[in-house]
Amino acid sequence: MARMKFICDSERCIECNGCVTACKAEHDIPWGVNRRRVVTLNDGEPGEKSISVACMHCSDAPCMAVCPVDCFYRTDEGVVLHDKDVCIGCGYCSYACPFGAPQFPSTGTFGMRGKMDKCTFCAGGPETNGSQAEFEKYGRNRLSEGKLPACAEMCSTKALLGGDGDVVADIFRTRVLSRGKGSEVWGWGTAYGKPTTGTPPKTEEKATKS
Amino acid sequence: MKAIVIALALAFGLAACEKTQTAPSARKPDSKQWEAAQNAFVAPGWKSGDEASWEAQLRKRASRQNEYASARARE
């Protein structure tokens with residue numbers, strides 16, 4: 001079973017915002033809502049780093065945990081999606097998300113916050129795959145077209161990798177070994193857990209503690 | 001005054017005894033991703049409804065992001 005993940009390689013990201021544009025165009029995202037954005041650290045200084053940030057589809061998603069109306073669900077491929085017909089736009093998920101992924105259109109009556117919108121890993125939502133209703137609420141469903149997210153496929157430097165976690169991790173590992181640096185994957189541990197998470201303590205530690 | 005304090009204490013105390021809500025979620029079930037979209041943009045090379053072929057298609061597509069492999073193949 002595939003487990004969909006994103007990796008952004010900060011050694012390669014050139015802050016072109018191609019991913020942001022691809023996402024906006026692919027899903028016809030309204031003005032003011034950014035499912036994906038590029039964040040630059042130490043902008044303008046030598047050694048600045050940029051990363052493309054969106055919903056990481058966390059293994060243990062905090063947005064799912066705090067939603068008072070239980071509108072989130074996880075697909076078999078590990079993509080975190082939500083039902084806009086259930087969402088009440090309360091914004092709890094926005095406070096819980098470590099990546100600032102949930103977005104709220106403010107075009108409602110009296111400037112009220114609308115229903116939450118976020119990256120779907122181009123997997124649509126709980127409507128018929130590829131239907132007009134799905135497109136209007138969640139955008140294109142590229143996964144059901146046998147394609148990967150538009151942002152990753154459009155990335156000119158292949159800084160943003162998207163797809164089966166095993167495949168993208170292998171690609172990243174090959175790069176790091178080839179260039180001999182830049183093994184840090186920002187957000188990976190937060191989204192998918194660190195390699196040590198959940199492993200039992202070593203026998204020596206157990207012996208010391210007891 | 002004492003009665004008001006007792007009434008308030010009872011109100012706060014009983015508020016903690018709310019019954020656990022067990023109502024099922026109202027969200028709709030989603031269709032599987034390997035059921036192809038009904039449009040003209042479906043990529044060729046896999047069969048709708050066949051999970052294995054869909055996964056193979058996505059793996060192949062994800063592997064294309066590795067330009068080290070494609071450069072080696074061109075050599």
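How exposed is D170(A), in terms of relative accessible area? The answer is 41%, so D170(A) counts as partly exposed (buried means under 20% relative accessible area, exposed over 50%, partly exposed in between, with a 1.4 Å probe and protein chains only). The model is a predicted one, in which local features need pLDDT of at least 70, side-chain atom pairs count only at pLDDT 80 or more, and totals for chains, interfaces and linings use all residues. Residues are numbered from 1 along each chain as its sequence is written, chains are lettered from A and ligands numbered from 1 in the order in which they are written, and side-chain values use heavy atoms, with hydrogens and water left out.

D170(A) has a partner in R173(A): the two form a salt bridge, with the closest N and O atoms 2.5 Å apart (a salt bridge is a side-chain nitrogen of Lys or Arg within 4 Å of a carboxyl oxygen of Asp or Glu). Both residues sit in helix α6 of chain A, 3 residues apart, which is about one turn of the helix (helices are DSSP runs of H or I with at least four residues, strands are E runs of at least two, and both are numbered from the N terminus). R173(A) is partly exposed too, at 47% relative accessibility.

F172(A) lies in that helix as well, α6 of chain A, but counts as buried because its relative accessibility is 6%. Leaving aside residues up to four places away in sequence, F172(A) touches I7(A), D9(A), L161(A), R179(A), G182(A), S183(A), E184(A) and V185(A) (contact means heavy atoms within 4.5 Å).

Over all chains, the search finds 23 salt bridges. One of them joins D117(A) to R35(A) at 2.7 Å between the closest N and O atoms. This pair links distant parts of the chain, 82 residues apart: D117(A) is in the loop between α3 and α4 of chain A, and R35(A) in the loop between α1 and β2 of chain A. D117(A) is buried at 7%, and R35(A) is buried at 2%.

Now for the meeting of the two chains. The contact takes 45 residues from chain A and 33 from chain B, and the area buried between them is about 3,000 Å², 49% of it from carbon and sulfur atoms (buried area is the accessible area, with a 1.4 Å probe, that two parts lose on being put together, summed over both). In chain A, N129(A), E145(A) and G146(A) lose the most area to chain B, together 17% of what that side buries.

The rule finds 8 salt bridges across this interface. K28(B) takes part in a salt bridge with D83(A), at 3.4 Å between the closest N and O atoms, and in another with E127(A), at 3.7 Å from N to O. E127(A) is buried at 17%, whereas K28(B) is partly exposed at 27%. A network of salt bridges also links E26(A), R140(A), R142(A), E145(A), K147(A), E153(A) and R61(B).

As for chain B itself, there are 3 helices and 0 strands. Its C-alpha trace spans about 90 × 30 × 20 Å along the principal axes, and buried residues make up 20% of its 75 residues.
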